[in-house]
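Visitor: I've got a model to look at and a few things to ask. Could you walk me through a sheet and a helix?

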Amino acid sequence: MRLTVAQALVRFLAAQYTERDGVRHRLIAATWGVFGHGNVAGIGQALVEHADAMPFHQGRNEQAMVHAAVGHARQTGRLSAHAVTTSIGPGATNLVTGAALATINHLPVLLLPGDTFATRPADPVLQQLQTPHAGDVSVNDCLRPVSRYFDRIGRPEALIPAALEAMRTLADPAATGAVTLALPQDVQAEAYDWPDGFLAERVWRIRRPRPDRTELDAAVRAVREAARPLVVAGGGVRHSAAEDALRDLAERAGLPVATTQAGKGALPYDHPCEVGGLGHTGTATANGLARAADLVIGVGTRYTDFTTASGTLFAPDARFLNLNVTGFDAHKQGARLPLVADAREGLTALADALAEHPARPVTWTAAKAEWEARVDAAHAVTDETARPTQTQVLGVLDTLVDATDILINAAGSLPGDLHKLWRTRSRDQYHVEYGYSCMGYEIPAAVGVLLAAPGRPVWALVGDGTYLMNPTEIVTAVQERLPLKLVILQNHGYASIGGLSEAVGAERYGTDYRLRAADGRFTGPPLPVDLGANAASLGMRVLRPRTVGDLREALADARAATDPTCVYIETETADSVSGPPPAQAWWDVPVAEISTRPSAVKAREEYDRHVTARRRHL
């Protein structure tokens with residue numbers, strides 16, 4: 001069939017499917033686009049030509065489009081992805097942050113940036129980067145280090161192997177992430193006679209690799225011999241849909257299960273084996289068990305510094321049994337017991353092998369109950385007419401939601417509060433992107449989740465700093481008539497980084513939103529900004545509660561709403577009222593070794609005390 005390169009690519013993408021456990025999904029369920037001179041005449045025209053085959057979503061910001069695609073991919077368990085097309089130049093480079101987020105979190109997204117002319121009829125063209133030492137470099141090369149696969153399609157026929165390799169990468173649980181096919185604008189418009197096989201329906205079966213017998217036998221022995229084992233459930237549990245297998249293993253063997261940010265929800269909060277979040281933002285229950293553990297069973301986790309408390313959390317003699325679909329992650333923490341397999345298959349094999357082994361007694365009930373009491377204290381409200389704290393906002397929301405609600409967050413102080421305090425009711429309720437912790441992720445990701453899970457209440461929780469980073473996809477939610485529920489917490493600055501600044505001796509410099517005083521310092525009153533008015537100007541219905549009582553009514557109203565609704569609330573500081581429990585484990589942020597300021601000197605003394613506990617597990 002004779003089609004342009006862009007037309008053939010759209011037709012090809014519309015015919016790609018994944019299949020896992022006998023269930024089929026569209027691999028590329030839709031395409032997002034912001035059009036410019038690098039893609040409007042190619043991909044743009046092709047999307048019109050084949051609108052019946054490829055759904056289209058109009059984005060407002062290139063980075064935000066990738067976040068929306070990532071939100072969709074996570075909600076679908078990585079079984080379905082979106083494509084994102086942009087013009088050349090700034091449109092393409094705006095993809096880099098989103099691509100990094102996708103690749104770090106192992107979530108599939110297809111990037112289709114326009115590129116400069118392959119035939120070079122004019123050199124340079126508008127928005128072209130020129131480098132004296134290389135004629136084949138374009139700004140799209142910025143996407144190479146943050147893509148799991150990258151290719152530039154310089155000839156029509158080159159699309160065939162590149163497109164197939166792109167789909168293979170997107171559908172591979174061990175390799176997935178951002179995939180980039182850079183498309184020179186002249187090549188997009190070229191016609192070519194495409195073989196029928198390229199445009200035919202193709203199914204990519206998602207592998208569930210089973211564990212090696214020798215590795216499995218060693219893992220089973222380790223679990224049987226361990227006196228104080230602890231499971232660390234990461235995002236791989238969710239990607240594999242392994243929650244039931246994890247619950248079965250935990251119940252059979254009597255194993256406590258702590259969770260990373262990506263793994264929270266692997267067990268519901270009230271399951272006897274669930275002990276809460278782990279690491280710097282974790283609970284005292286989970287971290288206490290981690291410090292005592294002689295065997296750490298990591299399932300689908302990358303062991304980031306927040307999870308390991310920068311290498312200070314686990315005992316020096318702890319052994320690591322890591323079940324992961326990638327060998328790279330299975331060998332982390334110097335693991336002597338890697339188990340390279342799909343999470344569900346590996347957990348099932350472990351549970352079956354341990355079927356006759358008596359379950360350990362549950363010894364953490366009292367510690368868990370004590371932590372739940374601290375959660376209640378943080379949520380407690382004594383005056384319904386007062387302005388709420390951030391943790392009280394979460395407490396009020398906690399009383400309104402059920403297992404169908406989905407909460408989305410990524411950056412600021414909220415991830416720490418949520419990891420410690422949120423009572424997760426379902427496997428996909430807790431959606432906190434903490435692999436890249438990207439400010440501005442929440443609103444576009446919520447749009448992507450709404451597209452993947454229509455009919456479910458989806459909440460984007462953001463602070464004022466995050467809102468200012470990327471509110472543009474509110475317009476998309478309005479255009480698509482999606483009932484986005486946005487909660488903006490106004491605390492007049494960067495609450496999280498402000499606290500960190502104070503802790504490391506930087507005295508909260510540059511972290512408040514205040515007018516400059518006469519001496520040039522940011523010590524004046526809060527800025528006269530109204531983010532609620534901004535959200536309203538973008539098309540949202542905005543509710544403005546002022547007290548805890550008002551907040552209850554506003555959140556209930558937003559939850560029932562069928563149109564995009566924002567709850568804009570100014571929060572109280574936690575100095576004199578309830579707030580979150582402090583960090584239960586350390587996080588390494590190096591402090592100035594030399595300073596004339598007493599705050600920095602004191603912070604360095606504290607840093608030197610903590611850093612001595614860091615260790616390498618070998």
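What follows is a short chat about a predicted model.

Visitor: Which strands are the edge strands of the open six-stranded sheet?

Guide: Start with the strand order, S14-S13-S12-S15-S16-S17, paired in parallel. An edge strand pairs on one side only, and that picks out strand S14 (274-277) and strand S17 (337-340).

Visitor: Which residue in S13 stands opposite Ala 233?

Guide: Look at strand S12 (residues 229-233) and strand S13 (residues 257-259), a parallel pair with three bridges. Across from Ala 233 in this pair you'll find Thr 259.

Visitor: What angle does helix H15 make with S16?

Guide: H15 covers residues 343-353 and packs on the sheet, where it touches strand S15 (295-299), strand S16 (319-324) and S17. Compare its direction with that of S16 and you get about 125°.

Visitor: Within what arc do the buried residues of H16 fall?

Guide: Helix H16 runs over residues 365-379, and its 21 Å reach from first to last C-alpha is close to the expected 21 Å. Its buried residues, under 20% relative accessible area, are Lys 368, Trp 371, Val 375, Ala 378 and His 379. Viewed down the axis of H16, they line one face of the helix, because they fall within an arc of 95°.

Definitions and conventions:
Residues are numbered from 1 along each chain as its sequence is written. This is a predicted model: local features need pLDDT of at least 70, side-chain atom pairs count only at pLDDT 80 or more; totals for chains, interfaces and linings use all residues. Side-chain values use heavy atoms; hydrogens and water are left out. Two strands pair if DSSP finds at least two bridges between them. Helices (H or I, at least four residues) and strands (E, at least two) are DSSP runs, numbered from the N terminus. Contact means heavy atoms within 4.5 Å. Axes are lines fitted to C-alpha atoms, for helices over the stretch in contact, and angles run from 0 to 180 degrees between N-to-C directions. The expected span of a helix is 1.5 Å times one less than its number of residues. Buried means under 20% relative accessible area, exposed over 50%, partly exposed in between (1.4 Å probe, protein chains only). The arc is that of the directions from the helix axis to the C-beta atoms.
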